[in-house]
Amino acid sequence: MNSKKISLYGLLIALAFIFSYIESLIPMPFALPGIKLGLANLVVIIAMYGIGVKEAFVLSMVRILLVGFTFRDPSTLLFSFAGGLLSWLCMTLLMKLKMFSMIAVSIIGGITHNIGQIIVAIIYVNNPSLIYYLPFLLISGVVSGALIGLLGALTINRLKKIL
Amino acid sequence: MKKNDLYLIAGILLFILILYLLLHVFKSEGSRVVVTIDGKEYKTFLLNEDTVFTIRQEDGQWNTFEIKDGYVKMLEASCPDKLCVKFNKIHYNDETITCLPNRVVLRIVGGEENDIDAIAN
């Protein structure tokens, strides 16, 4: 690993970290954890396309760990890891298929993130009726995923040179 | 944006719609609210009796909820995120208010099938 790579990873992690912080400042009118823009996922998806899927995975996990211990309760770490892992897996698969654009990949990332979180929530509080929130979470995942994907597609071409 | 993207988005939206309809078509009015802490049943309240109750846990955490006109609403809680307080009031079978930090769940139970049971008994 050369110094350019080290500084790039540091920069991207810091960026994802700051995005999570900004997002934690925006109050959400909805009662559902998981309904949010997912700004930090912009960094993850750009790393995915610009550097590589493995690097994006490490970036995503480091971000979750940092954010979990700073802006959120560490008890939410489990949910974040489940969401982060599932969405990374599904986005990687969809990306490798090369049939879809960044927007579709990002939408899949958004909804699988919510699916992962709700599965863990159902197991954690032993309450299957949380499944009733899934349609709302999925709609939120589609909207925020599409926005992030659009932003990502606009940004990636301009960043290609330095990544 | 590719053509495939549109197919995928249309498919996802259709899936969400079907899921929503499946989950809500069988919705029925509840008669009781069950309070569970950490997945274990704590106490059950009747929806037709208006009350304000505070759930106190051994670790000092607490949640206050209200039953009024058959609806249940979380009024106050000791949790840091206060998400449970933002939940809409609940009334239908299987609707829940969840406080993840305190691991408290309020869940509506006892719709029509329980009334039939009551008659059978």
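1. A helix here is a DSSP run of type H or I with at least four residues, and a strand is a run of type E with at least two. The model is a predicted one.

2. For residues 131-156 of chain A, 88% of the span is helix and 0% is strand, and the end C-alpha atoms lie 35 Å apart.

3. Helix H5 of chain A, residues 102-124, comprises 23 residues and reaches 33 Å from its first C-alpha to its last, which is close to the 33 Å expected at 1.5 Å a residue. Because 19 of the 23 residues of H5(A) are buried, this helix is largely enclosed by the rest of the structure, where buried means under 20% relative accessible area. Just after H5(A), A:Asn126 adopts a positive phi of about 55°.

4. In chain B, three strands make up an open, antiparallel sheet in the order E3-E4-E5. Strands E3 (51-56) and E5 (71-77) of chain B each have a single partner strand and stand at the edges, so one side of each lacks a neighbour in the sheet. From one strand to the next, the twist averages 25°.

5. Within that sheet, E3(B) and strand E4 (residues 62-68) of chain B run antiparallel and are joined by six bridges; B:Thr51 has B:Ile67 in E4(B) as its bridge partner.

Definitions and conventions
Residues numbered from 1 in each chain as written. Chains lettered and ligands numbered in written order. Predicted model: local features only at pLDDT ≥ 70, side-chain atom pairs only at ≥ 80, totals over all residues. Heavy atoms only, no water. Pairing = 2+ DSSP bridges. Axes fitted to C-alpha atoms, helices over the stretch in contact; angles between N-to-C directions. Expected span 1.5 Å × (residues − 1). Buried < 20%, exposed > 50% of the residue type's maximum accessible area, 1.4 Å probe, protein only.
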